Amino acid sequence: MDLRLNFSHQLKGKALIADSLRYKNASSEVYSSTRLSYLVSGIALHAENGQIYNVSELVGYIDDSSSRHSIQLADVPAGKYSALSFYIGLDQQQNHSNPALYPANHPLNPNLNNMHWDWQGGYIFMALEGHCRQPGEKMPTGYAYHFANDANRTRVMLEAEIDLQTDSAALISFDIAKLLSQISFADDGATTHSQAGDPVAEKIRAAIPSAFQLQAVAPVRAMPSQPVVEAIDLPASITPHPITLPKYIPIPKLPLDNPLLTERVELGEMLFHETKLSRTNELSCASCHQGETLSDPRQFSPGVDGKHNQRHSMPLVNLAWKKSFFWDGRASSLRLQALMPIEDHLEMDESLDKVVAKLENDPVYQNLFAAAFGSAAISAENIGLAMENFLLTQMSFDSKFDRASKGLDKLTKEEQRGFELFFTEFEPRLGKFGADCFHCHGGALFTDHSFHNNGLTTNDDIGLAATTGKASDRYKFSTPSLRNISLTAPYMHDGRFSSLEQVIDHYNSPIEASATLDPNLAKHPQGLGLSAEDKNALIAFLKTL
């Protein structure tokens, strides 16, 4: 039999509403949940006769924001069971395994779950973040509870009568109010990174078993099978385009319907540099995404008539790991992202039909499209697929930091100090005064590929909210990778900072408070308070990227 575990998130028995500053704890603090993610392992069913059916190799990743609420157990023996148990967190072997070995869709792939402790090793077992407001205050601050470390793996035992005779689903509730029942943000602290002896982590560990409850087990129809994805318009003869990654880089989720082919990569590269894509036949994609870093040193890139929008052109490297594109995430794939600037009136200002007509009249492109696509069709769809292929191959993993990671180079003392600051949390309660960069720029890719309000002074550009329509997404913008960072100035979505020194000063000083300020910044509204020496060390490390 198949058994699906469905996790529902609640607060005081009612469905949890994310990003809603409406809940109140015993200390009369009002709070919200902006992130709730956790890893489930060691799942077991306990039979009435005392036997235990273990699914020890299975790991589940549950995430409220991405609607990952289920774990599928296959081939469970039929019978009557008296309890279901599992662990929040991983066993020691799983916790310290190489995260780069997991396939793109595996729950432990760090690019999927954003739950890895980066270069420190190990995973975050549970991440709960949000905003909190003290009684009498108008503007909220933030809290970020990262529950982790081997000793904190916590068992949950749910006793119930489970009669498994057909494919079924178990509904498991997780009540945040019970998890936080003994915690005051003001008195206990707004952060934890689960150091040994941290009372916040200890309170979370003690509360986890009672925060979960098995609500019901009921038969379900046959579990849906995954649809087969077929490649689009493959030519008769293909040449797979190889990619080689360092051993510490996670496996990307490449599009199955657009496999990397040398013929498409070469066509995409030509199209990327093709001025026929613009109305005046003067601008190409490469006009705004220049050189090896595919970035623009200008604050704003001029379009065909010299006009420009109010956003800086993003560097276009290591895109194979991204899930959405543009500063506001309005494109769900690279093939869509590649076509949008062509029709944008402030950029290339050309219709796709006219671009197709121009290319159809060029014998060179006729031959290139025939080699890349079975139909040989020069179409908007195939233009997008070819440019997607090219952009997926644009990778940057040969910095001084990479060479040092391979033992081929060595960081200076100042660079090493900057590395330590980068990956050290800012937690004054426990005497830690790091730069806290890794929460948004962690991992081997130095980005979480998410969207954050990072406390910039605001204007009429509302960022992600323009795409989603959610007020809770106002002023959130895509987190750029910090790879090649010293080569890709200016910085931020609007290019307002011309130097790394200005960027560090922004985070080092009090940040503009707002309802959507990222909790990892809102938890220290006074700024980081790094010394001049530490700021220089941090910048020295960034330059190794």
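A: What follows starts with the overall picture, goes on to one helix, and then visits some strands and loops.

A word on the model before the tour. This is a predicted model, in which local features need pLDDT of at least 70 and side-chain atom pairs count only at pLDDT 80 or more, while totals for chains, interfaces and linings use all residues. Residues are numbered from 1 along each chain as its sequence is written, and side-chain values use heavy atoms, with hydrogens and water left out.

Let's begin with the whole thing. The protein has 17 helices and 19 strands; these are DSSP runs numbered from the N terminus, helices being H or I with at least four residues and strands being E with at least two. Its radius of gyration is 25 Å, close to the 24 Å that the globule rule gives for 545 residues, so the protein is as compact as a globular protein of that length. (That radius is taken over C-alpha atoms, and the rule is 2.2 Å times the number of residues to the power 0.38.) Along the principal axes, the C-alpha atoms fill a box of roughly 75 × 60 × 45 Å. Of the 545 residues, 55% are buried, where buried means under 20% relative accessible area, exposed means over 50%, and partly exposed is in between, using a 1.4 Å probe and protein chains only. Among contacts with a separation of 6 or more, 70% come from residues 24 or more positions apart; a contact means heavy atoms within 4.5 Å.

Now for the close look: helix H6, residues 262-272. Here 8 of the 11 residues are buried, so H6 is largely enclosed by the rest of the structure. The buried set consists of Thr262, Glu263, Arg264, Val265, Leu267, Gly268, Leu271 and Phe272. These residues pack against helix H8 (352-360), helix H9 (363-372) and H10.

How do H6 and H10 pack? Their axes are 7 Å apart, and the angle is about 100 degrees, with H10 covering residues 380-392. Axes here are lines fitted to C-alpha atoms, for helices over the stretch in contact, and angles run from 0 to 180 degrees between N-to-C directions. The two helices are therefore roughly perpendicular to each other; that label covers 65 to 115 degrees, with angles under 35 counting as roughly parallel, over 145 as roughly antiparallel and the rest as oblique. H6 brings Arg264, Val265, Leu267, Gly268, Glu269, Leu271 and Phe272 to the contact, and H10 answers with Ile383, Ala386, Met387, Asn389, Phe390 and Leu391. By class, that is 9 nonpolar, 2 polar and 2 charged residues. (Nonpolar means Ala, Val, Leu, Ile, Met, Phe, Trp, Tyr, Cys and Pro; charged means Asp, Glu, Lys and Arg; the others, Gly among them, are polar.)

Over to the strands, with E11 (residues 141-148) as another enclosed element: 7 of its 8 residues are buried, so E11 is largely enclosed by the rest of the structure. Strand E10 (residues 124-133) runs antiparallel to E11, joined by 8 bridges, and Leu128 stands opposite Tyr145 of E11. E11 also pairs with E14 (residues 191-192), in the parallel sense over 2 bridges, and there Ala144 has Thr191 as its bridge partner. Pairing takes at least two DSSP bridges between the strands.

Strand E1 (residues 3-11) pairs in the parallel sense with E13 (residues 168-175) over 8 bridges, with Leu3 opposite Ser168. E1 also runs antiparallel to E8 (residues 70-73) over 4 bridges, and here Leu5 faces Ile71. A further 2 bridges link E1 to antiparallel E2 (residues 14-15), with Leu11 partnered by Lys14. The E1-E2 hairpin has 2 residues between the strands, and Lys12 takes a positive phi near 55 degrees.

Thr516, in the loop between H15 (500-508) and H16 (519-522), counts as buried at 11% relative accessibility. Leaving out residues up to four places away in sequence, Thr516 touches His131, Asn453, Ala471, Ser472, Arg474, Tyr475 and Lys476. Ile52 belongs to strand E6 (residues 52-55) and is partly exposed, with a relative accessible area of 46%.
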